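Here is a briefing for a first look at a protein model. Keep the sequence and the 3D view side by side as you read.

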Amino acid sequence: PSSQIVPHQRWGSDGLEMNVSMTLQEYVAATTGAGSESGEGAAEDPLYLFSAQQGLAGIALDLRPPPLFAAGSALMEAFEWNHTAQTEHAIFFVGPTHSSTWFHQHHDAYNALVFGRKRWFLLPPEAIYGTYTASVLGWLERDRAELPVAPLECIQQAGEILFVPAGWHHATINLADSVGLAVELGRVGRQ
């Protein structure tokens, strides 16, 4: 139901929790400290909301890819999925400052940041990125300096689009409250 949301991940004392369900009111309280006696933010690594297909029902109607990624463009002819399939694989995200996503990889994708600022860490497919048991903030403090290959880094501003090639490991941390959309394009080569 529309009163439920599913954050992609949350770090706790026991490690990573996936698909944490809660109401929007609970999410706002958890990420802003609303309802707490101190009024302070609730978490060092706050909840990051990701909503796939089912959460995009209304948003998908307004989804207009940037010209470079629009249906019929020369670039889009190279990818396996058409606009409908891409919309089905799109992920809407909302996250407060310091919310993050751990290293992962997937098909070619573009990430459009509508609001906020996001720091990206990108490594080629064969690279090692350290321990999986740390939040991105923890990884920055403990593991990043020990990597044999330094990740590529950039800061994405509101209104910018970042393309992530298939198979590249990437992690992010929001430098400000952020809202955006990630769209997987499928594999290169239509079948």
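This is a predicted model: local features need pLDDT of at least 70, side-chain atom pairs count only at pLDDT 80 or more; totals for chains, interfaces and linings use all residues.

Residues are numbered from 1 along each chain as its sequence is written, and side-chain values use heavy atoms, with hydrogens and water left out.

**The sheet**

- An open sheet is built from 4 strands in the order E7-E12-E9-E10, with antiparallel pairing.
- Helices (H or I, at least four residues) and strands (E, at least two) are DSSP runs, numbered from the N terminus.
- Two strands pair if DSSP finds at least two bridges between them.
- E7 and strand E10 (152-157) are the edge strands, and each pairs on one side only.
- From one strand to the next, the twist averages 15°; axes are lines fitted to C-alpha atoms, for helices over the stretch in contact, and angles run from 0 to 180 degrees between N-to-C directions.
- E9 pairs with strand E12 (residues 169-174) in the antiparallel sense, over 6 bridges.
- Phe-121 has Ala-171 in E12 as its bridge partner.

**The aromatic rings**

- A pair of aromatic rings is described by the distance of the centres and the angle of the planes.
- Rings of Phe, Tyr and Trp (its six-membered ring) pair if their centres lie within 6.5 Å; planes under 30 degrees apart count as stacked, over 60 as edge-to-face and the rest as tilted.
- The structure has 5 aromatic pairs.
- Phe-103 and Trp-139 have ring centres 5.1 Å apart and planes at 70°, so this pair is edge-to-face.
- Phe-103 sits in strand E7 (residues 100-104) and Trp-139 in helix H4 (residues 136-142), 36 residues apart.
- Phe-103 is buried at 5% relative accessibility, and Trp-139 is buried at 0%.
- Buried means under 20% relative accessible area, exposed over 50%, and partly exposed in between (1.4 Å probe, protein chains only).
- Phe-121 and Trp-139 also pair edge-to-face, at 5.2 Å centre to centre and 75° between the planes.
- Phe-121 lies in strand E9 (residues 117-123) and Trp-139 in helix H4, so this pair ties together parts 18 residues apart in sequence.
- Ring pairs join Trp-102, Phe-103, Phe-121, Tyr-129 and Trp-139 in a cluster.

**A buried histidine**

- His-170 belongs to strand E12 and is buried, at 3% relative accessibility.
- Its side chain makes a polar contact with the side chain of His-106 (3.1 Å).
- A polar contact is a pair of N or O atoms within 3.5 Å; within protein, one must be able to donate a hydrogen and the other to accept it, and residues adjacent in sequence count only if both atoms are side-chain atoms.

**A loop residue**

- His-98 has a positive phi of about 75°, although it is not a glycine.
- His-98 is in the loop between strand E6 (91-95) and E7, and is partly exposed at 38% relative accessibility.

**The salt bridges**

- A search of the whole structure gives 2 salt bridges (a side-chain nitrogen of Lys or Arg within 4 Å of a carboxyl oxygen of Asp or Glu).
- Glu-153 and Arg-119 form a salt bridge at 2.7 Å, N to O.
- Glu-153 lies in strand E10 and Arg-119 in strand E9, so the pair ties together parts 34 residues apart in sequence.
- Arg-144 forms a salt bridge with Glu-153, with the closest N and O atoms 2.1 Å apart.
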